[in-house]
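Please open the structure in your viewer and keep the selection tool at hand, as this tour goes from one group of residues to the next.

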Amino acid sequence: MPIRSIARSIACTALLDGPGYTPRGPGRLTLRDGRIAAVETAVGVEEAVEPLFALPAPVNAHDHGRPVRSSSFGAAGKPLEVWLHYLALLPAVDPYLAAAASLGRSALGGAGAVMVHYTRSQGLTPLPEEAAEVARAARDVGLRIAFAVALKDRNPLVYGPSEELLALLPGEARREFARRTAAPPPSPVEQIRLVEEVAAAAAGELVDVQYGPTGVQWCSPELLQAVADASARTGRRVHMHCLETRYQRAWADRQFPDGLFPYLKRIGLLSPRLTLAHCTWIRPEEMDILAETGVTVTVNTGSNLGLRSGIAPLAEMVARGCRVALGLDGLALNEDDDALCEMRLANALHRGWGFEGAVDEAQMLRIALANGRASVTGREEGGVIAPGQPADLLLLDANALDSDRLLDGLCLRDLLFARAGAGHIAELVVAGRSVVRRGRVTGINHPAVQAELLARLRHGMAGSVALQAALPALEDAMRRYYDAAPCC
C-alpha cells in the first residue's frame, strides 16, 4: 500500500542541502505523501523558523535486531568467534517484543533505515510467521528495514571440522556443544525456498526481504552458488558478512589459494545487489574487484573495536572507488545505537592525520546517510534533502547543539562532527511520519516494551545454566585452536 501522510511544512534554522550536503539556512521543507515536495529558503517576517538543523536520516546498513546489549549477559570484550556462542544464552522471547525493543532503540539513536540480518531466530513459530511479527514491529515503530534471512550450512563451531575443537573440550562442555551443533542443516534448495516464504509473509512498503548468507566460512559452495543464482533470477538483494576477523582471513586464504573474491565473482555473487558487512581484513587488490563489480561494503567501526576484530581500511576503500556505508551491528561504541556517534567515530579514525586529508566531511555524510540505503530498502533513492526524495529526516535541536557558542557564524555541520549525538535529536521523520519526538518513540510505548522484554529474558536465563558453565571452557579451547592454526 503506498505511503500517505498529511502535508507538513518544517521551517528550520539550517539544513544540509542536496547531494553535496551543503549547509544552508534558514530553510523550509514541505513534506507530502511520504516525500519531500519542496525545499525553499525561509524568508519574511511571518516565517516562524524553529531552532532545528535538518539532515537526511542516517542508515544503519548492518545490524541484527538483537533484543539487548551483549554486555548485559557477559559477552563484553570477547573476540567474535566465542562471542557468537554467548548469544545462545538468551532465551527465546516473543519476536514482536524483541524487534520492537531493538528497532525502538535504533530510532532513538537516529537511524531511519535498519538492516536486520536475522541470524538468530526466536524459534517459537515457523520463520515466516516470526518475520511477519518483526515486520509488524517495524511498521509500528515506523522504520524502514531489510529482513535478511540467515543462510548457513557448515562450520558451526570453528572455521573447520567441529571435531577438532570438540577434542579440546572437557567432557561436560564437549557434550554440551556437540548437542548444540548436531542437527543437520537444511539443503540449499530448502533455504532458498524459505527466503521466498518469508518474503510472502513479511515484505511490504517499508520491509525489503533479502538473502542473508552468514559468511563464506559458514556457507558451502553449493549454498553460495544457490544464492547467487537466486539473486540473479529474482533481483533480490544479498547481505553477507565478509572477512570480519583475522581468523576468517586466514581460513579464506587456505580455502581459496587463487583468491576469495575471484571465486565469488566467478560464481556470480559479486554485483550491485550484494552488500558485504565488515571487510575488516580486505586487501587493496580485493577492494578493486569490489569497486569494479559495484558491491557495497558496510563498515562497522564500533563493533569491530568491541569484538577485537580490527579497523577496516575505510579510507583506502573510498580512494579505490568502493561504495562504502556504515553499520552499527548492535555494538556501537557505547552500546547505545547512536548513529551520529558512530558516524563521528568513523570520521575520527579515517579523515586523515595531521594536515593530510583522506575522507572529507561530505564523503563521510554520503557514507552514513546515502550509500547504505539501497542495501536496506532495495531502492536507489534517498539520503539527500531534495524535492522528490523520500521524507526521511533527522531534525537536531540547533540550540542544544550550539549551546555554548562564543563566536557568531559557527557552522552547524562542523558541530555535527564535533559533538552531535542522540541527545541532540529533536525529531526523526521516516516517510513523512514522526517516528521519534523529543526522546520518545511515537508509535509504541518503548519503555514498557523494554521492561517487559527484560522481565521475560531474566525469567528465562535459568534455562541456560549448562551453557553458562561450558562457555569458559569453549573460550579456552578456541584460544588454543586458533593459536595453533596458521594465520594471516
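Begin in this predicted model by selecting Arg 28 and Glu 40, which form a salt bridge whose closest N and O atoms are 3.3 Å apart. Arg 28 lies in strand E3 (residues 27-32) and Glu 40 in strand E4 (residues 35-41), so this pair ties together parts that are twelve residues apart in sequence. Glu 40 counts as partly exposed, at 36% relative accessibility.

Next, select Asp 392 and Arg 373, another salt bridge, where the closest N and O atoms are 3.0 Å apart. Here distant parts of the chain are linked, since Arg 373 belongs to helix H15 (373-377) while Asp 392 sits in the loop between that helix and strand E14 (393-397), and the two are 19 residues apart. Are these two residues buried or exposed? Both Asp 392 and Arg 373 are buried.

Then move to helix H19 (residues 465-484), where Arg 479 and Asp 476 are three residues apart and therefore separated by about one helical turn. Their salt bridge has its closest N and O atoms 3.8 Å apart. Arg 479 is partly exposed at 45% relative accessibility, and Asp 476 is also partly exposed, with 34%.

Finally, select Leu 305, Ile 311 and Leu 333, which make a nonpolar surface patch of about 270 Å². Ile 311 is found in the loop between helix H11 (301-306) and helix H12 (314-319), and this residue is partly exposed, with a relative accessible area of 48%.

Key. Residues numbered from 1 in each chain as written. Predicted model: local features only at pLDDT ≥ 70, side-chain atom pairs only at ≥ 80, totals over all residues. Heavy atoms only, no water. Patch = residues over 30% accessible without salt bridge, like charges linked within 9 Å, V, L, I, M, F, W, Y side chains within 5 Å. Areas by Shrake-Rupley, 256 points an atom, 1.4 Å probe, with all protein chains shown as cover. Salt bridge = Lys/Arg side-chain N within 4 Å of Asp/Glu carboxyl O. Helix = DSSP H or I, 4+ residues; strand = E, 2+ residues; numbered from the N terminus. Buried < 20%, exposed > 50% of the residue type's maximum accessible area, 1.4 Å probe, protein only.
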